[in-house]
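Here is a friendly briefing to read alongside the coordinates. Please have the sequence and the model open as you go.

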Amino acid sequence: MTATASTSSTPTSRGRRPGAKARPSMLLTVVMLAVVAYFLLPLWWLSVASTKSNADLFSSFGLWFADSFSLLGNLGDVFTFQNGIFLAWARNTVVYAGVSALGAAVLATAAGYAFATLRFKGSTALFAIILGSIMVPLTALAIPTYLLFAKVGLTDTPWAVILPSLVSPFGVYLMRVYADGAVPPSLQEAARVDGAGELRIFVTIVSRLLAPGFVTVLLFALVSTWNNYFLPLIMLNSPEWYPLTVGLAQWQSTSQAGSGSQALFSMVITGSLVSIVPLVIAFLFLQRYWQSGLGTGGVKQ
Amino acid sequence: MTSTAPPAPAQPRPQRTANTLSTLRRREARAGYLFVLPFMIVFVAMLIVPLGYSGYLSVFREQLIGGTSFVGLENYARALSDATFTGGVARMALFLVMQVPIMLGLALLFALVLDSGRLRLQKFVRLAIFIPYAVPGVISALMWGYLYGPDFGPFAQLGEATGLGSPDFLSADFMLFSIMNIVTWGFIGYNMIIMYSALRSIPTEIYEAARVDGAGEVRIATAIKIPALRPALVLTTIFSVIGTFQLFNEPNILRTIAPNVIGNGYTPNLYAYNLAFVGQEVNYAAAIAFLLGFVIMVVSYIFQLTTSRKEATR
């Protein structure tokens, strides 16, 4: 895998450091492993609890397995309950997150590139406005957006979740910083002298240089839409349009109410496990991108 | 247009170059607008317009009889004397001064430990601390909610098995701390990675020079590493301020477990949501959301002001 190959370069560059005496401390390692235990505890609990039947959840110790192994049965319940609506939620989440992230990353890349390398009047002011908008709270936007969407009949459709998610001011900021370092002005000048138009320069030359930054913005936009709860909660009424977060929260509240043939705790738990596995895997394989991306944001300002 | 003027016969070449340059400049500026345009269209439609509409809504009042009428700043005045709103803001301020320093302090400590190179299993530790960031806030609230819970939560089970009992994490006394723990769990890794990346970009020659001068590891951390982290610390603090005042997912999920502890105005965001979608008081909710945005901007601004002043006096 390319991802693992590139991350293995970290220890090499660490070795280059003459300062790091590479004398591992046993005490430090033990303390940090205790810290790791705190971070993994809920995930361990979730994995163990997914293997238990609803009855076993109450009768067995939470951090260890029960006598019977019910993971497959739980998975069956999750995917068949209410005519397999969980699958629709999963599909919705993938579509919302995928389309929003791709759109947001394309828009942010084009804008960030222009702010970093092209001279045009008003660019400083525009960029300042975009940066300032990071502080606008989501509620201040979500409620009026809902009312506006209701007027044009967009609520309770996928567009209601996708359109607001296309705006990523932080993505523009990241791409500006990234393009600043990745696109040499001499390259643009040379291409211009050769008679290439700006669009052609962007598509054929610059886009390749910006690819790693693009993937970083894509990844962060993907996570923020995948994890979004507030916006779809407001915008969507029909359960068949729900993403996983809203759907699971609804199952949770019906299981908490505990009436009759409602959703069970074991289904909420197993459904939660199923819905975090894809993102955890994506993060494991795309380490290079989130690490460099977060670095870009924090190093330069 | 200058290009239509007859070229001076004596020096045709410099004239042409100047013309091409200005054409290039103009073309570059036009391209700049075109590249920014798609983002700006969505930005205006999805951010500026709703924000403006929210401001517009906030100065009206809708009544069953008499329809909508302009009330000026009445909604804002009502919010400022509304104990539910001010109580929610105060609760978030408490959350801010307690949780954010703990979260960022630990993130800084972990980043320094990772950067010291004195840790075994470094890569594993880094990943394990970061992984909660990939877990949606709703699901971390669900997980912790069960962990805290008295029914099949392991803490309650352990408390019962040992006869020691366990605190009721979901009671009114503990709830805010329980939510702090969920947020801390989810975001330490994110902040740690930002700081760690900033640490990695410090040139190593500085450390060498400091060691030659006889500085120890702790001295290097406080005198070189932490000052170099300033931009990263400012960034993470401002993001934490914004995130704290917007707290919604965790209390909204835990509400289903402890409805008597978390009221409809436990956080300002929760209050605005309930006003707009349960109480149908859209205009008042818009004013609340606006005030909340104002609070966030003021707190972020004060923070930036104090940190930049500190730097100026140094």
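Residues are numbered from 1 along each chain as its sequence is written, while chains are lettered from A and ligands numbered from 1 in the order in which they are written.

**Confidence in chain A**

- Chain A has a mean pLDDT of 85, with 87% of its residues at 70 or more; pLDDT is the predictor's confidence in each residue, from 0 to 100.
- Over residues 1-20 of chain A, pLDDT stays under 50, and the model has 18 contacts beyond four places in sequence for them. Two residues are in contact if their C-beta atoms, placed from the backbone, lie within 7 Å.
- Where pLDDT is low, the predicted coordinates should not be read in detail.

**Fold of chain A**

- There are 15 helices and zero strands in chain A; helices (H or I, at least four residues) and strands (E, at least two) are DSSP runs, numbered from the N terminus.
- Of the 301 residues of chain A, 43% count as buried. A residue is buried if 20 or more other C-beta atoms lie within 10 Å of its own, exposed if 12 or fewer, and partly exposed in between, with C-beta atoms placed from the backbone.
- Taking contacts in chain A between residues at least 6 apart in sequence, 73% join residues at least 24 apart.

**Helix packing**

- Helix α5 (residues 71-117) and helix α11 (residues 198-226) of chain A have axes that come within 7 Å and cross at roughly 140°. That makes α5(A) oblique to α11(A); angles under 35 degrees count as roughly parallel, over 145 as roughly antiparallel, 65 to 115 as roughly perpendicular and the rest as oblique. Axes are lines fitted to C-alpha atoms, for helices over the stretch in contact, and angles run from 0 to 180 degrees between N-to-C directions.
- Residues meeting across this pair include Y96(A) and Y113(A) in α5(A), and F202(A) and W226(A) in α11(A). The contact of α5(A) with α11(A) has 17 nonpolar, four polar and no charged residues. Here Ala, Val, Leu, Ile, Met, Phe, Trp, Tyr, Cys and Pro count as nonpolar, Asp, Glu, Lys and Arg as charged, and the others, Gly among them, as polar.
- In chain B, the axes of helix α5 (residues 137-148) and helix α11 (residues 249-257) come within 9 Å and cross at roughly 40°. The contact of α5(B) with α11(B) has six nonpolar, three polar and one charged residue.

**Where the chains meet**

- The contact takes 83 residues from chain B and 82 residues from chain A.
- Helix α1 (residues 12-57) of chain B gives the most to the side of chain B that touches chain A, with 20 residues. That side divides into 61 nonpolar, 15 polar and seven charged residues.
- The buried residues of α4(B) pack against α3 (26-49) of chain A together with α3 (83-116) and α7 of chain B.

- D156(A) has phi near 60°, a positive value in a residue other than glycine, and counts as partly exposed because it has 14 C-beta neighbours inside 10 Å.
- Q280(B) also has phi near 60°; with 10 other C-beta atoms within 10 Å, Q280(B) is exposed.

Definitions and conventions: Predicted model: local features only at pLDDT ≥ 70, side-chain atom pairs only at ≥ 80, totals over all residues.
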